[in-house]
Amino acid sequence: MSNNHHPKNLLFITWDSDSTNYLESLFLPILEELQAKARLKCHVLQFSWAKEEKVNQLSLLSESMGIRYNHFPVSKAIHPLMGTAFTVYRGKQFIRRYLKRHKIDIVMPRSTMPALMVNGLMSKWKNKKYKVVFDADGLPLEERLDFTELKVSDYQYKFLKAAETKMLLNADIILARTQKAINHHLGRIGESHRSKFHVVRNGRRAEQFRFSNEDRIRVREELGLSENDMLWVYAGTLGPQYVLKEMLEMFDKHLHLSQSSKFLVLSANGNYLQQHLPAHLRDKVVHKTPSFASIPSYLSAADIAFALRQPAWSMRGVSPIKLGEYLLMGLPVIASKGVGDTENILLGKPFVNLYEHNDPQRREKAVSWANGLAKIERTAIREFALQHFTLEKCVEDYLTAFGEV
């Protein structure tokens, strides 16, 4: 990106639930680095139904990074669909005024709902004043087909797909997480658009996700584990696509060999865990909802991690960020085959068990591999992760994509 002129104003627009932490954990650090390296002044507009406490927390965090944060509440008081439509209508007007008032140069909608709102404004822009960078995310609509009741024949899907396609056709730059996602989109809009697509990795700050022996000792004492007891860990969202049942089955098989092991689940979805946790594992599975900043201390205590996702069709568009966290911490990982592009770089690595979801013996093979792990060479695992999963590498991808915008 050119550095020969005054900073350009970028508006990042996102639409989130009340429980996601992608903004603070992924996008704010990226925007902070882009401000420093690309002479940008970043603004964030977040549509969500988060509570006031969370909004205030995000506002303070953004301010500390020199990013201007704006929150727009998603209406939930009336029927969900009507509330969404009402929010989109009002949100579009808010964006239009914001672009003018703050002299925005680059508009960056993330995923479908922000794209829908920006689409409604683009047709009114005379001479297309603003550059549009569309963060297409993964394959969010296909993910809903795979894991919710949504069907291809539903009006809602057709409407949102049309909005996504319109944005793909009109955006100046499109960001995707995998090459497979780009190929999918080009199948819909045509090869002539290939040059505006770019793969951007997900990454974490290497200095933040770093093993600490002090944290390991402290957390393991807190969990009642000796140094020789094995601690399994999963960090992230829980739901149908994250195969909790399989993780619990593998941990249960391992327990037959080592009764003193424990399984630590770091997730905001505690209710989902409780609903699916067998009674005989209740004293062996520990649930915590840590702040993002304290996740590395818990990962330092662990010996092996799960990075599993049901490899449905839509998962080819995903770049699992938890995988990077685990590997930066020097943890061996059981990771799904068929998710995103990561399998290509993980193949043959001794610290990764590539989990074949269609193999009837997959659980036994993974547990046997885990039980046979020698002393963990954390440094070697981290060295590999530093080549692929850092915020620095991620920002390099963004800078390449932005080019001379």
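**Sheets, helices and a pocket**

Helix α9 (residues 244-255) lies across β8, β9, β10, β11 (304-307), β12 (333-336) and β13, and runs at about 160° to β9. Contact here means heavy atoms within 4.5 Å; axes are lines fitted to C-alpha atoms, for helices over the stretch in contact, with angles from 0 to 180 degrees between N-to-C directions. Helices (H or I, at least four residues) and strands (E, at least two) are DSSP runs, numbered from the N terminus.

The model is predicted: local features need pLDDT of at least 70, side-chain atom pairs count only at pLDDT 80 or more, and totals for chains, interfaces and linings use all residues. Residues are numbered from 1 along each chain as its sequence is written, and side-chain values use heavy atoms, with hydrogens and water left out.

**The six-stranded sheet**

- An open sheet of six strands has the order β10-β9-β8-β11-β12-β13, with parallel pairing; two strands pair if DSSP finds at least two bridges between them.
- Its edge strands, β10 (285-288) and β13 (352-355), each pair on one side only.
- From one strand to the next, the twist averages 20°.
- Strands β8 (residues 231-235) and β9 (residues 262-266) run parallel and are joined by five bridges.
- Opposite L231 stands K262 in β9.

**The seven-stranded sheet**

- Seven strands form an open sheet in the order β3-β2-β1-β4-β5-β6-β7, and the pairing is parallel.
- At the edges are β3 (68-73) and β7 (197-199), each of which pairs on one side only.
- Four bridges pair strand β1 (residues 8-16) with strand β4 (residues 106-109) in the parallel sense.
- I106 in β4 is the bridge partner of L10.
- Helix α6 (residues 155-170) packs on the sheet and touches β4, β5 (131-135), β6 (173-176) and β7; its direction makes about 130° with that of β5.
- Helix α16 (residues 391-402) lies across β1, β2 (40-48), β4, β5, β6 and β7, at about 155° to β6.

**The second largest pocket**

- A pocket is an open set of points on a 1 Å grid over the protein atoms alone, where a 1.4 Å probe fits, with protein on both sides within 12 Å along at least five of seven lines; lining residues have an atom within 4 Å of a point.
- The second largest pocket holds about 400 Å³ of space, a volume being the space filled by probe spheres set on the points.
- Its lining has 17 residues, of which R216, D303, A374, K375 and I376 lie nearest the centre.
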